[in-house]
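Keep the structure open beside you as you read.

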Amino acid sequence: MQGMGEGSCPFTFNTDPATFKVGDMVSYRVTGSLEGFPFAGTLLEVHDDHVVLTSDPEDKASRMRATRESRPVVREEDVC
């Protein structure tokens, strides 16, 4: 990936849950054995207390419920 090891990131993430909107790219976390790894996803739905995101906007079956916070959290069993 470009810029790896140089401190730069090729993505721009929305990290303000108050301004989340459908289509925003977010960095999210996963619980369990995947804890500590960074993931990138696109918001499909934004609700008062949670969001629905996908890691692959082209895959209609890829939908994960997550917390609504600066880096949303997806339960490991909900990863698809």
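Start at T42, which counts as buried because its relative accessibility is 18%; buried means under 20% relative accessible area, exposed over 50%, and partly exposed in between, with a 1.4 Å probe and protein chains only. This residue lies in strand β2, where strands are DSSP runs of E with at least two residues, helices are runs of H or I with at least four residues, and both are numbered from the N terminus. Not counting residues up to four places away in sequence, T42 touches G23, D24, M25, V52, L53, T54 and P57; contact means heavy atoms within 4.5 Å.

A word on how to read all this: the model is predicted, so local features need pLDDT of at least 70 and side-chain atom pairs count only at pLDDT 80 or more, while totals for chains, interfaces and linings use all residues. Residues are numbered from 1 along each chain as its sequence is written, and side-chain values use heavy atoms, with hydrogens and water left out.

Now step back to the whole protein. It has 0 helices and 5 strands, following the pattern β-β-β-β-β along the sequence. Its radius of gyration is 12 Å, close to the 12 Å that the globule rule gives for 80 residues, so the protein is as compact as a globular protein of that length. Here the radius is taken over C-alpha atoms, and the rule is 2.2 Å times the number of residues to the power 0.38. The C-alpha trace spans about 35 × 30 × 25 Å along its principal axes. Of the 80 residues, 26% count as buried.

How are the strands arranged? The 5 strands form an open sheet with mixed pairing, in the order β4-β3-β2-β1-β5. β4 (64-67) and β5 (73-74) are at the edges with a single partner strand each, so one side of each has no neighbour in the sheet. Two strands count as paired if DSSP finds at least two bridges between them.

We can follow the pairings one by one. A hairpin through 3 residues joins β2 to β3. Strand β3 (residues 50-54) in turn pairs with β4 in the antiparallel sense over 4 bridges, and L53 has M64 in β4 as its bridge partner.

In soluble globular proteins, nonpolar side chains tend to be buried together.

Next, turn to the aromatic rings. A search of the whole structure finds 1 aromatic pair. Y28 and F39 form this stacked pair, at 5.5 Å centre to centre with 25 degrees between the planes. Y28 is in strand β1 and F39 in strand β2 (residues 39-46), 11 residues apart, and the pair links distant parts of the chain. Rings of Phe, Tyr and Trp (its six-membered ring) pair if their centres lie within 6.5 Å; planes under 30 degrees apart count as stacked, over 60 as edge-to-face and the rest as tilted. Y28 counts as buried at 4% relative accessibility, whereas F39 is partly exposed at 26%.

Finally, visit two loops. S62, in the loop between β3 and β4, is buried at 3% relative accessibility. G36, in the loop between β1 and β2, counts as exposed at 73%.
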